[in-house]
Amino acid sequence: MLHHDESWYVGLAWGGGCWGERGKPNWIPSFGPKQGQVLYLSRDAASDELFWSWQQHTRSDETIAHLAQLVACYHKKRYLVVIWDNASWHTSQKIRHWLAAHNQQAAGQGLPRLFVYCLPTYSPWLNPTEAVFTQNKRRSLFGQNQPDASALRRRVEANLCYFHPQKTV
């Protein structure tokens, strides 16, 4: 059973203020027009292992890519149960069609079937990955701006690995 969620990470510090000259707007450093990175995170309930991938957006295509990576990672299982929230990219018609097609092909190819369950709306406390994001953001970003996207990823991943083993393909 896997708990899944996504979270945006930006290179700006948590818990710090931004300063500027009196009467002028505050200046906040950033690393380009696409400052944010989305961390897709799945947490194995049995082993506490984490599986993650970085994306530019939270859309159905990115979610399908992450699910395909999960299937490759857990290829020896007969089925995977994924529990996630009711985000629009989780409940889209594109996701439903992909899941149906995948599950139809999975039996013939020896891949795990995917069973997806949505948590009730407005209930983030039911998803254990929320705690991982909160802990990681505090540890990774508190009081420190990141100069670029790669530095942000390295810092976030180092802190994820510190607390949880990583599942790899």
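Two strands count as paired if DSSP finds at least two bridges between them.

**View 1. The whole chain, a predicted model.** Walking from the N terminus, the elements go β-β-β-α-β-α-β-α-α. Of the 169 residues in the protein chain, 40% are buried.

**View 2. Surface and contacts of the protein chain.**

**View 3. Strand β1, residues 2-9.** This strand is mostly covered, with seven of its eight residues buried. In a regular strand, side chains alternate between the two faces of the sheet. The next two views look at the partners of β1.

**View 4. β1 alongside strand β2, residues 37-44.** These two strands run antiparallel and are joined by eight bridges. To get your bearings, look for Tyr9: the residue standing opposite it in β2 is Gln37.

**View 5. β1 alongside strand β4, residues 79-84.** This time the pairing is parallel, over two bridges. Leu2 is a handy landmark here, standing opposite Val82 in β4. Taken with the previous view, β1 pairs with β2 in the antiparallel sense and with β4 in the parallel sense.

Key
Residues numbered from 1 in each chain as written. Predicted model: local features only at pLDDT ≥ 70, side-chain atom pairs only at ≥ 80, totals over all residues. Heavy atoms only, no water. Helix = DSSP H or I, 4+ residues; strand = E, 2+ residues; numbered from the N terminus. Buried < 20%, exposed > 50% of the residue type's maximum accessible area, 1.4 Å probe, protein only.
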